Amino acid sequence: MPMKVGNRPFFEGVDKAIHDSFMVNAVSSAQDGLRGRKLSATIGDKALGDWEEWRSAGEEIRAHTLNNLDYYLKQLSDNFAARGGHVFFAETAEEARDYVKKVCKEKNAKHVVKAKSMVTEEISLNEALEEEGCEVLETDLAEFILQVDHDQPSHIVVPSVHKNRQQIRDAFKKLGYEGSDDPKELAGFARKTLRSKFLNADVGITGCNFAVADTGSICLVTNEGNANMVTSFPETQITVMGMERLVPTWKELDVVVSLLCRSSVGQRLTTYVTDITPKADQDAVDSPKDYHLVIVDAGRSNALGTDFQSALHCIRCAACINVCPVYRHIGGHAYGSIYPGPIGAVLSPILGGYEEYGKLPYASSLCAACSEACPVKIPLHKLLIRHREKYVEGGGHPPVMERAAMKGFSIGASSPMIFRAGTKMAPIILKPLVHDGSIPKGPGPMKPWTHGRDLPAPSKENFRDWFKKHKQQSATIQAKGTGESL
Amino acid sequence: MRGTIENRDSFLEKIAGKLNRTVGEVPEMPIWAHKPQERVYEDYSEDQLTAMMKKACESIHTTVCETNSDGLAEKLKQLIDKYGAGKIVATKDERFEAFGLSNVLENYQAYTWNYKEGHQNIDKAAEANIGLSICDVMLAESATAGLFNDKDKARSVSLLPETSIVIVPKSSIVPRLTQAMNLIENKVENGEDVSSYINFISGPSNSADIEMRLVVGVHGPIKVAYIIVSDL
Amino acid sequence: MKVSLFTTCLGDLFYVDVLKDVTEVLERLGCEVDVPEGQVCCGQPAYNSGYAKDTKGPAKNMIRAFEHSDYIVCPSGSCATMFHEYPNFFADEPEWQEKAKNIADKTYEFTQFIVRVLGVVDVGAEYHARATLHTSCHMTRLLGEREAHYTLLKHVKGLDLVPLPNNYDCCGFGGTFSVKMFPISEQMVDEKIRHIEETDAEVVVGADASCLMNIGGRMKRLGRPIKVLHIAQILNSHQTEGAERHADESRKSTIL
């Protein structure tokens, strides 16, 4: 699965989404639940102390790490290799895919099991391995469902939120499932089906929630136990990591893991917080013999040294997605990227360019709910505006009329005289359009507004004129009161 | 045994260039302005931490009971019977003997992990009903058992069987993840070896991926129980 | 206390009634109100669409207009927020940045000014109705004023204020978003209206005319009978129960 989701133009995707009432209800219901849980586990958990301080701690750590990224990546790779692991730095998605293919080929791997990893979807790893004749099984329940159903994720933490239990049961039928649509039964089927796959796989592939530079360790944050299976039984472990996903030491790991668990699912900690450090010469039976770490750039460095660098602070908690009113109504697929919602609208153009993703930063009312929710204080709404600036400065293709309109606006809004004339003319010019006190069919550029809303009728009375009279009346009253003449 | 690093130089040069740095230039080590994690539960007594841990067990669907070293063997027996006994695996942990549990393991014909026996260990764990481990650190805030696994204290024991029973020495209870991470970082700073598989486990596996409905027990254990030993 | 009224372009074009109410409330609380002649628009439409260069002209015009004000009071949280953003626009023009900082430091949203500067929580208003408050995003999240509007409404005699479910969800205005992305915007305002209807309120009140234009415009189109009022219209109301609610004949209109 690549970063791009679907091939539909943005507005077509939006239209499909807003008419998919199951999906919209599922998404808004999931949002309400996840938001509530996050609030209880953060601002609502008095024992935690000042949540704003926690956010500042997260921001500090991420900013320092990204500002010195080369140093920490060097430290991480030195420590990973010192313990017998193999590190590959992949500048592009292709390089990353090729390396993983090479390792699987060398191992004669036929069966690969995968824990959930957004970056592996981004680089289309599954397809690449399947082309080499590997069976690649997603083992995270949601990803397993999506794989069976040839579908794509719509949320970065609960990827199959758009699917109902009947759809999931129908998907499992393809694997011979004969039970009901009860979630417990469906999950039980996944447990049975995947158990032997874990125990017999040749290669286990994971993503990386956070790497720890000072020991060369990988931290995986999960609930299901599948990541533990994937990292214990196959002889070869390959971890694919977005290059920005690391912390300097275990002390910082404490902060970011705490922020992630509470912000994403409202848990103090997820069921499994697993810290893996390679030890290639160990005698452990239930441990890989061979460890690989693929560190991926794939466009992330485009943000370094720019206003967008803070976008790389993201810890992939989806707190922004869970509060976004736009995501609430269009779901994940409409964004056309595996990274949806506010972080998706900021990241996708950075990783994939404005040609493909330039509309996303405009799919926002700039309500700033995302910036408020982000546990590491990424100023998401400001980055959306910054994208729009770059888009109109030449990064994208804004409509010609829009540029002209903005120029006109700039002139008009800088000139009190023009504006005053405008306020006097508007009621006269727009009079023919006024019905019952408002304008149901707007002129030219306002037509999209009046598709669903009336425009107010311009005020016939001019405020400045009223104010002048009002001031004179007050002065008269005062003078009368004091007996003074005007 | 050393591993390999490929493609690093040009990769890091590109990054350093964008950040206006020289590759590998050592940054000034930050003194963090914000460390709220250090103050959480800082004045809790051992009893308060234990009480908090027991409460936290409720929300993670974990059974908890407390006894002392004299009553431990009996308590363990009761728990094993409660969960249906059957096939049992245990980690190879000298604390089982130290805690007086060798007889219990013997009576139930528990299989003690023996890495020398290779893959059959995994088979035993996979067909076991109950896995027995002793935790290295217990995080009170979230009732999280921290297990520092190795070739003897195998991760499979707390992963594959349907039920996981973890013995929790009271002395291992700390407020939260912060203290556990500090412990690990101290080892790192002292040049000590760190376990290659540290698992912080909070209850049975679960998922809410189907219509956001919580299902307890997915790939990992379906049931988890703790026995706190108050004088260990 | 001398207070300069920042009327906003929407106020001047569509909501003169609201501006009258704002003026009268401020005067009743002892302020001497003036209306700087040169003001036009804070520049949000250009700024939010990414046309940073086209924002400078309108911004400089506003800075000039309000240069000599003691206090700048605005019946719109989003426009007041823009003034607070101005110093960032002029990082490359230190002289203008200094002026922008002066403006920003003395700019307040209307309810914020009453509660935080004048120290008043009861303006002596009376308005008998069941009402719910729409909490505008810019005012609450960006300006950081989450309480003043509640405080003032709680003291309005006769007002039965009920909480709005999902009040934190944006109404869907977002300036040019409501035009450029109108299908999504319509979904958002429809959900907002559903929540308003859940409260059984007769009136929805807000402190930002742009949000109210959006909600009111959709209500009108759908033919819903709920009144959409700016908070100034409530705060300037003195009617006793049953009597006419308007300050004067000319202010019969609801927001739309």
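The model is predicted: local features need pLDDT of at least 70, side-chain atom pairs count only at pLDDT 80 or more, and totals for chains, interfaces and linings use all residues. Residues are numbered from 1 along each chain as its sequence is written, with chains lettered from A and ligands numbered from 1 in the order in which they are written.

**Chain A overall**
- Chain A has 22 helices and 12 strands. These are DSSP runs numbered from the N terminus: helices are H or I with at least four residues, strands are E with at least two.
- The C-alpha trace of chain A spans about 105 × 50 × 45 Å along its principal axes.
- Of its 486 residues, 59% count as buried. Buried means 20 or more other C-beta atoms within 10 Å of the residue's own, with C-beta atoms placed from the backbone.

**The core**
- The largest nonpolar core has 304 residues. Such a core is a set of buried Ala, Val, Leu, Ile, Met, Phe, Trp, Tyr and Cys residues joined through C-beta atoms within 7 Å.
- Helix 12 of chain A (residues 250-265) gives the largest share of this core, nine residues.
- Val112(A), Val294(A), Val296(A) and Cys320(A) have the most contacts inside the core. A contact requires C-beta atoms, placed from the backbone, within 7 Å.
- Chain B gives 76 residues to the contact and chain A gives 86.
- Helix 1 of chain B supplies the largest share of the chain B side, eight residues.
- The chain B side divides into 35 nonpolar, 24 polar and 17 charged residues. Ala, Val, Leu, Ile, Met, Phe, Trp, Tyr, Cys and Pro count as nonpolar, Asp, Glu, Lys and Arg as charged, and the others, Gly among them, as polar.

**Strands across the chains**
- Strand 1 of chain A (residues 86-90) pairs with strand 1 of chain B in the parallel sense, over two bridges. Pairing requires at least two DSSP bridges between the strands.
- Val87(A) has Ile5(B) as its bridge partner there.
- An open sheet of eight strands, with mixed pairing, runs in the order 8(A)-5(A)-6(A)-9(A)-10(B)-7(B)-6(B)-9(B).
- Within chain B, strand 6 (residues 137-139) and strand 9 run parallel, joined by two bridges. Leu139(B) stands opposite Val174(B).

Note on methods. Contact = placed C-beta atoms within 7 Å. Buried ≥ 20, exposed ≤ 12 C-beta atoms within 10 Å, placed from the backbone.
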